[in-house]
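Visitor: I am new to this structure and would like to ask about it step by step.

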Amino acid sequence: MNPFKPKKDRRLGVAEGKRQYDLPLNKSIGTGFLVVLIALMTFLAIMALGTSFALGSMTQRWSSGLENKATIEVPAEKNDSDLRTKNEVNALVERVEQKLSDQPYIKSVTALDQGDIQALIEPWLGQGEILDNIPLPGLLSVELQISNESSLAKLTKTLAEIDETIRLDTHESWLGDLLRLTGALQFAAGFVLLIIGFTTVAAVAGAIRTRMAVHNEEVELLHLMGAGDGYITRQLQRHALMIGLKGSLVGLIAGLIVLGLIALIAGDTGAALLPDFHIQLGHIIGMIIVPTLICIIASMAARFTVLRVLAQMP
Amino acid sequence: MIKFEHVGLRYGVGPEVLTDIDFTLEPGSFHFLTGPSGSGKTSLMTLMYLGRKPTRGLVTMFGQNINQMERDKLATLRQRIGVVFQDFRLLNHLSAFDNVALPLRIAGRPEKEIKDNVDELLEWVGLGEHKNVLPLTMSGGQQQRVAIARAVIARPKLLLADEPTGNLDDEIGFRLMNLFDQLNRMGTTIVIATHNQKIMDEFGHSRLVLDSGTLKIEAPKNWIQKKIEGVF
């Protein structure tokens, strides 16, 4: 390359490089704005999708973690006024463990030791002597072969035979509430994705209509020279595709960076109820589909808009 | 080639700008379209290059009734028509080369063929050195030559030119008329809308004379004279 030769686009009135479109789309006002808009839409879609994935993981963890499981509580109080001693509680826990180990509908039964129970209430009461002095219940974790009404009824009956104060917690009530809540949040995330899709269609269709109005003379000229609808449509469709590609890639990268930072900062929360925020390979693949969808949406929105406008020409 | 039968045209709810137009143009013929300003020349040209459909009457182009033609077929038909617009209608963001290449690209010709043909034609119209120049930096005459080159590059079967010599000096004007004559001899039907009496007299072709929206066909005034000169 001759360094002394001036670049083509530096010379006044000379065409710059290779022509891309017959229509002056590269210099259209608002192209940058549309790229930014699509980038923001993609970013929001990635955030919504990330939230949905995190909620999905949380739901799956809760559901699978508590599947067929129940907790048996041997209360610290005998009745309204009397408390059990630690030895009494331990003796009852031992009896329940022995009795349930022989039952065919029980897969496993594990008694939580004093340390485990203290660890559970430590976040509320703190460490120290208080934990040694307050009456603590006995807890057993039971896994049933199959969690159905029949086996739960047998379990309830067996526990009542040992002591009527022993309580059975199948987690169903609060787990159901939590699953309903996460389901509602996932639905909201899906709805946000839907709105993003519609917004993208509206934005691209509006932008293409504006371009066609601004470049009406050029479009009409191509039409009069014998350019078919397909020829003109392809140019605007490609233009919309390029805008969609640029915007959605920027949005994807920004979204992945933010999710990566969240994963880095939040990572393993350690809290029993909160989800551990990890981005898995499947999630990344799911998110990469977003720009592809945005590009398809932008391209198709442009196509149908152009065809509708062209249909008004003779 | 072109047949108009009882054709009328009005814009919106306004009065008819063309009334009961009847004429037939044979393939390979050459005609001047003339008449006073506002007589409807541009409207008639618009109907001929299929920019509008008539509000009444029957238009037959290349043996096909355009009133009942599908969009795709109309587009194919338009590719057989070359048009030089009065205001050139060049695409200002494209170079002279790309403007002239447009009809070939629309027709889907290979790039090699496009380059060879466009380079040759631009040389012929004296714009070989200006092929990468944008229209807005060209003079009116240069722009007009680009517009004419664009109209003829695909060797149309019908060439319509609206005041094609308006911005040109006599020498280039006559040179371009000779180009149109050459195209006509190769079989292209040509209709040129013009006020230029000198050119109409020099090139003795029949005249379509429009006046207040109605059309009459006149034989060239010096036609017999030219025939005699041709014989002797």
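Visitor: In which loop of chain B does R155(B) lie?

Guide: This is a predicted model. R155(B) has a positive phi of about 45 degrees although it is not a glycine. Its place in chain B is the loop between α5 (140-152) and β7 (158-162).

Visitor: Is R155(B) buried, exposed or partly exposed?

Guide: A residue is buried with 20 or more other C-beta atoms within 10 Å, and exposed with 12 or fewer. R155(B) has 14 C-beta neighbours inside 10 Å, so R155(B) counts as partly exposed.

Visitor: Is H6(B) buried or exposed?

Guide: H6(B) lies in strand β1 (residues 2-10) of chain B. Its phi is near 50 degrees, a positive value in a residue other than glycine. Most residues other than glycine have a negative phi. Because 12 other C-beta atoms lie within 10 Å, H6(B) is exposed.

Visitor: Which element gives the most to the side of chain B that touches chain A?

Guide: In the contact between the chains, 24 residues of chain B meet 18 residues of chain A. The elements of chain B that give two or more residues to this side are α2 (71-78) and α3 (96-106). With five residues, the element that gives the most is α2(B).

Visitor: Which element of chain B has the lowest mean pLDDT?

Guide: Chain B has a mean pLDDT of 87, and 94% of its residues reach 70 or more. Among its elements, α3(B) has the highest mean, 94. The lowest, 56, belongs to helix α8 (residues 223-231) of chain B.

Conventions: Residues are numbered from 1 along each chain as its sequence is written. Chains are lettered from A and ligands numbered from 1 in the order in which they are written. This is a predicted model: local features need pLDDT of at least 70, side-chain atom pairs count only at pLDDT 80 or more; totals for chains, interfaces and linings use all residues. Two residues are in contact if their C-beta atoms, placed from the backbone, lie within 7 Å. Helices (H or I, at least four residues) and strands (E, at least two) are DSSP runs, numbered from the N terminus. pLDDT is the predictor's confidence in each residue, from 0 to 100.
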